[in-house]
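Subject: Structure for you to look at

Hello,

Here is the structure I said I would pass on. Please open it and keep it beside you while you read the notes that follow.

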Amino acid sequence: GPGIDDNIKEKIFHPFFTTKEIGKGTGLGLSTSYGIIKKHNGELYVDNSYKNGAKFVIKLPVNIKPNRKISEIKDITAEGYKYNGKIIVIDDEKSILDLAKSILEEKGFMVDIASSGTRAIELIKNNHYDVIVTDIKMPGKIDGRVLYEVIKIEKPDLINKIIFITGDIVSNDTKEFLNDKSNLYILKPFTIDKLLNTVVKVFNG
């Protein structure tokens, strides 16, 4: 390939950064990869000395510790976690679901994901969630607005636990919907800190 311009090398791992045309990519591939590798105490970077294209380097630590019993591994996994709530994230973009799941699970949350409103309703009816994160505009009959009304009827105690995500800040109907509700919302593109801070606020009441 043509390589990566020096001016953007520092930005390529940022969520939603992309050089592709609108509709051709979300800019989440590299940031998701980076998050997964960091989660395994590894490194992911571009080799600046490579001049014939783009060379990405992944470094992962070697596990030299003896095998542990399953019970010991469970105890170690639980160490350092600040939160133990359950969250559902609803969005029709798989890359956003994967990123949100990775970020929130790293903080100790149990996370279910749904790519449609229909699947989300099924999960919400059969599970208890401390926080619901949903996109407003989704394909199909059940988008974020309809989902809100269903939750209001089926599980009214969760109505204030809903966080909306939207990339549509232009249309009047979206503005009116958000202004009419007391729920917190996150605008796309969002940062990892913005997602975490908003979820923790709602989780803590």
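Helix α4 (residues 117-126) holds both Arg 119 and Glu 122, three residues apart, which is about one turn of the helix. Before going on, please note that this is a predicted model. The side chains of Arg 119 and Glu 122 meet in a salt bridge, with 2.8 Å from N to O. Side chains of opposite charge can pair when their charged atoms come close. Arg 119 is partly exposed, at a relative accessible area of 36%, and Glu 122 is also partly exposed, at 43%.

**Other salt bridges**

How many salt bridges does the structure hold? There are eleven, and two others are described here.

In one of them, Asp 135 pairs with Lys 188, and their closest N and O atoms are 3.3 Å apart. This pair links distant parts of the chain, 53 residues apart: Asp 135 is in strand β5 (residues 131-135), while Lys 188 is in the loop between β7 (185-187) and α7 (192-203). Is Asp 135 buried or exposed? Asp 135 has a relative accessibility of 4%, so it counts as buried, the cut-off being under 20%.

Lys 181 and Asp 180 form another salt bridge, where the closest N and O atoms are 2.9 Å apart.

**Two packed helices**

Two packed helices are described by the angle between their axes and the distance between the axes. Helix α3 (residues 94-106) packs against α7 at an angle of about 60°, and the axes are 11 Å apart. This angle makes α3 oblique to α7. The crossing of the two helices, α3 and α7, is right-handed.

Which residues meet there? From α3 come Ala 100, Ile 103 and Leu 104, and from α7 come Ile 192, Leu 195, Leu 196 and Val 199. Sorted by type, the residues of the contact of α3 with α7 are seven nonpolar, no polar and no charged.

**Two backbone details**

Lys 188, already named for its salt bridge with Asp 135, is joined to Pro 189 by a cis peptide bond, with omega about -5°. Pro 189 sits in the loop between β7 and α7.

Asn 41 is not a glycine, yet it has a positive phi of about 60°. Its place is in the loop between α1 (29-39) and β1 (43-46). Asn 41 is exposed, with a relative accessible area of 66%.

**The chain as a whole**

The protein chain has seven helices and seven strands. Along the sequence they follow the pattern α-β-β-α-β-α-β-α-β-α-β-α-β-α. Of the 205 residues in the chain, 38% are buried. Taking contacts between residues at least 6 apart in sequence, 57% join residues at least 24 apart.

Regards

Terms used:
Residues numbered from 1 in each chain as written. Predicted model: local features only at pLDDT ≥ 70, side-chain atom pairs only at ≥ 80, totals over all residues. Heavy atoms only, no water. Salt bridge = Lys/Arg side-chain N within 4 Å of Asp/Glu carboxyl O. Helix = DSSP H or I, 4+ residues; strand = E, 2+ residues; numbered from the N terminus. Buried < 20%, exposed > 50% of the residue type's maximum accessible area, 1.4 Å probe, protein only. Axes fitted to C-alpha atoms, helices over the stretch in contact; angles between N-to-C directions. Parallel < 35°, antiparallel > 145°, perpendicular 65-115°, else oblique. Left-handed = near helix turned anticlockwise from the far one by under 90°. Contact = heavy atoms within 4.5 Å. Nonpolar A, V, L, I, M, F, W, Y, C, P; charged D, E, K, R; others polar.
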